[in-house]
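Here is a short report on packing and strand order. View the model first, then read on.

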Amino acid sequence: MRSVIASRATASGRGLPRGSIALCRPTAASAAAAGAATRFHSSSSSFSPSSSSSAAAAAATIPALVPPITPPETPPDLAAAADTLARFVAAAQGRLLVLTGAGVSTASGIPDYRGPTGVYSRHEFMSSHATRQRYWARSFLGWPRMAAARPNPAHLAIRALQRAGFAEPGVVTQNVDGLHGDSNVLEIHGSLNTVECTTTSCGHKLPRSDFQTQLAALNPAGAARAAAASDGAPDVASSVNPDGDVEFAGDYSAYVYPDCPACGGVLKPSVVFFGENMPAAVRDASFARVDAATALLVVGSSLAVYSSFRLLRRAVDRGGGSDGIPVAAVTLGPTPPRGGADLRFWLDAPCHVVLPLAAAALAPAEAAAEAAAAAEWVPAAAGGMPTTTSR
């Protein structure tokens, strides 16, 4: 098995050759030799936590953990990845910012854009009535699966780290699925859980679940198709896309969708489609979170979209580069995320496996509490909105 730990080498020395920072799980003897001043090594510098915070104290104890932080059946590469990640998280001293992409939700049944079943498309939603008919007809089929999706172990691990004080309380996410369940989450591409009027002076919003009911009433044939699709009807040609619609061959010309009940304007999902601009306030908020962090962890994102890639650049180039912060990534893929040369390390590993292992090592009580709380999740399909247990 090839190593899941990798980074990219550059002339500047920021990156390291693939596999060069693999950290074996330390034994008690090696921990004693290392002492309390355990450091996480980067290519450009070494940094160690001070002893003044609980996060720093935990960082110092990671090498001395006995028994090992990963279960015996864990493949060695994943065990090493979890150890590496745990040290990186702890060294941030509670000011770790987590940036997530579609890959964090694949274990919840929502495909990503980069994987073999993902779709990378541009929605020109406002271009014509026919385009909106097509979108809402497809979205009607895709919404039940999106709404029923539940947080997976990666989401729970992130919340456990937040709850324990190892990570900043607000995740920045590219996802529109609402699965982080955190009232402090910054959804830079919006959320599928609401529908909004496009008339600037109106601003009317309603829950997507209510809009689904309206679509069903206006399109009884579409409702029948949705019921058949849930039973595996052959005319549904592909899985749900990450933005909530489904590819299927059909005639959209008779599909009916409601106008805004407040002003008669066009309603759209509260998301930023490809080709649309992110609201300036959201952009500035994402910048502020990077500026306040001491480290950035990218989870499940290839950083192919500029709105997220520029957060990597801002982190690395902060203060003209003199005040840059370390960035690491946990994401599956044949190649590292965009900007990989600036990563301290890249873990080519499933985030829903590696993150829980690291969280269990750093915050076992919080990790167990989040797993228990997950049983109380109210799916959006039932009209519920996720709640958070994060600090």
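## Around Leu297

Leu297 is in contact (heavy atoms within 4.5 Å) with Leu85, Phe88, Leu96, Leu97, Val98, Leu99, Ala328, Ala329 and Val330, leaving aside its neighbours within four places in sequence.

This is a predicted model: local features need pLDDT of at least 70 and side-chain atom pairs pLDDT 80 or more, while totals for chains, interfaces and linings use all residues. Residues are numbered from 1 along each chain as its sequence is written, and side-chain values use heavy atoms, without hydrogens and water.

## Nonpolar cores

A nonpolar core is a set of buried Ala, Val, Leu, Ile, Met, Phe, Trp, Tyr and Cys residues joined through side-chain atoms within 4.5 Å; buried means under 20% relative accessible area with a 1.4 Å probe, protein chains only. The largest has 34 residues. Leu85, Leu96, Leu297 and Leu355 have the most contacts inside it.

Elements supplying at least two residues each include α3 (76-91), β4 (96-100), β12 (295-299) and α10 (351-362). Helices (H or I, at least four residues) and strands (E, at least two) are DSSP runs, numbered from the N terminus. Helix α3 gives the most, with seven residues. Another core lies apart, of 25 residues, among them Trp136, Ala149, Tyr255 and Tyr257.

## The three-stranded sheet

An open sheet runs β8-β7-β11, with antiparallel pairing; strands pair if DSSP finds at least two bridges between them. β8 (205-207) and β11 (267-271) stand at the edges with a single partner strand each, so one side of each lacks a neighbour in the sheet.

Strand β7 (residues 190-197) pairs with β8 over three bridges. Thr194 stands opposite Pro207 in β8.

Methods. Buried means under 20% relative accessible area, exposed over 50%, partly exposed in between (1.4 Å probe, protein chains only).
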